[in-house]
Amino acid sequence: MKSRHASSLSHVCLSRNLRHFHRFAAVSAAGLLLAGAASHAHAVEPARYSGIQPDQSLPTKAADSGYEFTLGGGVGYSPRYMGSDEYHVTPALNLALQTPYGVFVGLGGVGYRLSLPAGFFLSAALSYDGGRKDNPKGLDNGSTKLRGMGDIKGSLFTTLQAGYAIGDLAVVSVASDIPLTQRNRGNVYRFAVDSVLYKSASDSVGLGATAHFASGKYAQTYFGVTANQSLNSGFGQYAPGGGLYGVSLTANWTHKFTKHWSTTLAGGVMHYTGNAAKSPIVFKKTNYQVATTLDYTF
């Protein structure tokens, strides 16, 4: 009897685990597809590093089921590249998926968040950055002002993050973007504080501040001018070196019309500092960005 009972119990546990695995796999596959669509519909660079959308890798309170999916679309206005004095209107996409298994999907990609005791957490995400063009077409990032600088190729990268949630008030985090392809682009590091200033049944207002740091390779890729680039473009040769390259302030307001429908208004300002601000291809030391979306959550 005992062996028969144990066999039955093992079968039930195995069935449950398989159901969870299949659900996890389906969510992950959907996330990868949606994240890929997001990278084409919403400018990743410089939006990613002066991002105006909430960071989905940060802890949030999902629905009672543990699942929450938000999809929305609208319009955005952003600089053509980091330090550009030209702006363009682009489609804006709001994408957020939370699951009870720690899997999340957002504009920053698809990833996994591990909640630790006392409010600490770790997360890892996979995403794609479209790079920069010196002869952009459509929604490409870049400008003809950079003609002769050459293109910065797109790259698949991972974001590693660690942080601490101070109750429901704020989240302090550090993160690094590490390219998995085109690794000579270099790494980015961030220290951020994200907070909820106001929350009610129908409205939520958030504010975030971030310090942005670059490796030497990244600074050279996005703010430097090599001897060959100088010859082709006419810009003076420049080797900026790594370190703090900017600080950003972001804000977002979400208003709920019904249980499912809401609208989000988000904006951000990025100020370039240090060696990055002295770059000959940085025409504006301060860039602005705004987007509004109509969202559906279920």
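How many salt bridges does a search of the whole structure find? The search finds three. They are taken up below, after the fold that holds them; the model is a predicted one.

The fold comes first. Twelve strands, written here as 1-2-3-4-5-6-7-8-9-10-11-12 in their order, close into a barrel with antiparallel pairing. From one strand to the next, the twist averages 20 degrees. One of the pairings joins strand 9, residues 203-214, to strand 10, residues 243-256, in the antiparallel sense and over 12 bridges. Within this part of the structure, His 212 stands opposite Gly 246 of strand 10. Helix 2, made of residues 216-223, lies across strands 5, 8, 9, 10 and 11, and runs at about 100 degrees to strand 9.

Side chains of opposite charge can pair when their charged atoms come close. Asp 85, at 30% relative accessibility, counts as partly exposed. Lys 145 has a further contact: its charged end sits over the ring of Phe 283, 4.9 Å from the ring centre.

Another salt bridge is formed by the side chains of Arg 185 and Asp 129, with 2.8 Å from N to O. This pair links distant parts of the chain, with Arg 185 in the loop between strand 7 (170-179) and strand 8 (188-199) and Asp 129 in strand 5, 56 residues apart. Both Arg 185 and Asp 129 are buried.

Arg 190 and Asp 177 also form a salt bridge, in which the closest N and O atoms are 2.7 Å apart. Here Arg 190 belongs to strand 8 and Asp 177 to strand 7, and the two are 13 residues apart. Arg 190 has a relative accessible area of 14%, so it is buried. Asp 177 counts as buried because its relative accessibility is 3%.

Phe 120 is in strand 5 and Tyr 164 in strand 6, so the pair links parts of the chain that are 44 residues apart. Phe 120 counts as partly exposed at 43% relative accessibility, and Tyr 164 is partly exposed with a relative accessible area of 33%.

Which residues do ring pairs link into a cluster? They are Tyr 218, Tyr 222, Phe 223, Tyr 245 and Tyr 272. Elsewhere, Arg 132 lies over the face of Tyr 81, at 5.9 Å from the ring centre.

Conventions
Residues numbered from 1 in each chain as written. Predicted model: local features only at pLDDT ≥ 70, side-chain atom pairs only at ≥ 80, totals over all residues. Heavy atoms only, no water. Salt bridge = Lys/Arg side-chain N within 4 Å of Asp/Glu carboxyl O. Buried < 20%, exposed > 50% of the residue type's maximum accessible area, 1.4 Å probe, protein only. Helix = DSSP H or I, 4+ residues; strand = E, 2+ residues; numbered from the N terminus. Phe/Tyr/Trp six-rings, centres within 6.5 Å; stacked < 30°, edge-to-face > 60°. Lys NZ or Arg CZ within 6 Å of the ring centre and 35° of its normal. Pairing = 2+ DSSP bridges. Axes fitted to C-alpha atoms, helices over the stretch in contact; angles between N-to-C directions. Contact = heavy atoms within 4.5 Å.
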